[in-house]
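Hi,

Here is the structure I said I would pass on. Have a look at it first, and then read my notes below.

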Amino acid sequence: NDAQEGITDDNSNTECKLNEYVFHLAGKDEMIIVPLDKVNRAGLITYVKTEIVEQDGKKDIDIDGNQRKNVTCKRYVHTLNALSGFRRKLEAMGMTVTDDNIFVA
């Protein structure tokens, strides 16, 4: 998936566009990738880790009034990657990175 969002620089009042790529790869954590330059050489990689947390025998009530023992939680692990590692890390995870796009190979 590919979405763009505008960010305004307070100093120059110019708007820059950042692309956001979201990948759901089988057997891996969901990944959100945001390149920080125009040619995809540096950027932020966020891993979305979904975990089931047991409630130690406590009975929680969900929105429908049903009892449950486990809760699903999401954690976000952010990694900022510079020129030396951004493309290399994505390619190691089976992705193809070009100056214009990021996609699963």
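One term before anything else: a residue is called buried under 20% relative accessible area, exposed over 50%, and partly exposed in between, using a 1.4 Å probe and protein chains only. By that rule His 24 is exposed, because its relative accessibility is 59%. His 24 sits in the loop between β2 and β3, and its C-alpha atom is 9.8 Å from that of Val 48, which is 24 residues away along the chain.

Some housekeeping: this is a predicted model, so local features need pLDDT of at least 70 and side-chain atom pairs count only at pLDDT 80 or more, while totals for chains, interfaces and linings use all residues. Residues are numbered from 1 along each chain as its sequence is written, and side-chain values use heavy atoms, with hydrogens and water left out.

Now the overall layout. The chain has one helix and nine strands, in the order β-β-β-β-β-β-β-α-β-β along the sequence. Helices (H or I, at least four residues) and strands (E, at least two) are DSSP runs, numbered from the N terminus. Of the 105 residues in the chain, 26% are buried. Taking contact to mean heavy atoms within 4.5 Å, residues 24 or more positions apart account for 40% of the chain's contacts with a separation of 6 or more.

Next, the inside. A nonpolar core here is a set of buried Ala, Val, Leu, Ile, Met, Phe, Trp, Tyr and Cys residues joined through side-chain atoms within 4.5 Å. The largest one has 13 residues, and Phe 23, Met 31, Ile 33, Ile 45, Leu 90, Met 95 and Ile 102 have the most contacts inside it. At least two of its residues come from each of β2 (15-23), β3 (30-35), β4 (43-54), α1 (86-92) and β8 (95-97).

What does Arg 87 touch, beyond its neighbours within four places in sequence? The list is Val 39, Asn 40, Arg 41, Val 97, Thr 98 and Asp 99. Arg 87 belongs to helix α1 and counts as buried because its relative accessibility is 17%. A polar atom of its side chain lies 2.9 Å from the backbone oxygen of Asn 40. Val 97 is ten residues from Arg 87 in sequence, with 6.4 Å between their C-alpha atoms.

Asn 40 itself is worth a look. It is in the loop between β3 and β4 and is buried, since its relative accessibility is 3%. Most residues other than glycine have a negative phi. Asn 40 is not a glycine, yet has a positive phi of about 55°.

Over on strand β4 you will find Glu 51, which is partly exposed because its relative accessible area is 32%. Its side chain makes a polar contact (a pair of N or O atoms within 3.5 Å, one able to donate a hydrogen and the other to accept it, with residues adjacent in sequence counting only if both atoms are side-chain atoms) with the side chain of Arg 75, at 3.0 Å. Not counting residues up to four places away in sequence, Glu 51 also touches Val 71, Thr 72 and Cys 73, among others. Lys 74 is 23 residues from Glu 51 in sequence, and their C-alpha atoms are 6.2 Å apart.

That's what I have for now. Happy browsing!
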